[in-house]
Amino acid sequence: MNSEYIIKGPRPGQSKIFLDGNEIGEIKKGEDPTTFKLVNKDGIEWILTNNVHGNVRPFSISVFEQNKTKGDSSKEVLTIIEHLFKYNGKVYMLTNHPEGRHWNEYLSGPRYISRLDNFPYSDLTELDHHIKHRLRRFRGVSVGEASGLGIEGHHVKVSKELEDIGLFIAASSYLLYSTA
């Protein structure tokens, strides 16, 4: 894995984010109970909310860049719907069990982020209850991993193909599993 993020703090709304040992941002409480604010060292802000496309969903989160120079407009930069997200036309899954890994590793090891190369659905908003129930059967190629939530912090490692959105994945992963 190329980049390792560590999120530490006493509560989800009071956490610092580190990349390779350097503090790069923080997660603060948002304006309402369903939102958090992610602020990087340059002062750029993003809103993270579990109100995804008008519905509060488990293990789902949307990340919006706040554009203060153009009024109230904001741009959606990442949406995770029940562990699944799309990036550069590919589907990825948080807490997936990758191909080639033994099932025993799933119980005690890190939670993997996998690219689902043969995922048969392109529109994640159209997944029905029956498909969601079978999501764990899909195994992919490991492109990252997440572990820990305690005193040592939440560790998220991402490969080069997810580096551009690594900060958002790390913050989202931390919030999904610390507030669920």
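**Core and aromatic pairs**

I began with tyrosine 92, which is buried, with a relative accessible area of 1%; buried means under 20% relative accessible area, exposed over 50% and partly exposed in between, with a 1.4 Å probe and protein chains only. This is a predicted model, in which local features need pLDDT of at least 70 and side-chain atom pairs count only at pLDDT 80 or more, while totals for chains, interfaces and linings use all residues. Residues are numbered from 1 along each chain as its sequence is written, and side-chain values use heavy atoms, with hydrogens and water left out.

I then searched the whole structure for aromatic pairs and found three; rings of Phe, Tyr and Trp (its six-membered ring) pair if their centres lie within 6.5 Å, and planes under 30 degrees apart count as stacked, over 60 as edge-to-face and the rest as tilted. One of them joins tryptophan 46 and phenylalanine 168 edge-to-face, at 5.1 Å centre to centre and 70 degrees between the planes. Because tryptophan 46 lies in strand β5 (residues 45–49) and phenylalanine 168 in helix α3, this pair ties together parts 122 residues apart in sequence. Both tryptophan 46 and phenylalanine 168 are buried. Phenylalanine 85 and tyrosine 92 form a stacked pair, 5.3 Å centre to centre with 15 degrees between the planes.

I noted that phenylalanine 85 counts as buried, at 0% relative accessibility. I also read its contacts (heavy atoms within 4.5 Å): leaving aside neighbours within four places in sequence, phenylalanine 85 touches residues including Leu78, Tyr92, Leu162 and Ile169.

Conventions. Helix = DSSP H or I, 4+ residues; strand = E, 2+ residues; numbered from the N terminus.
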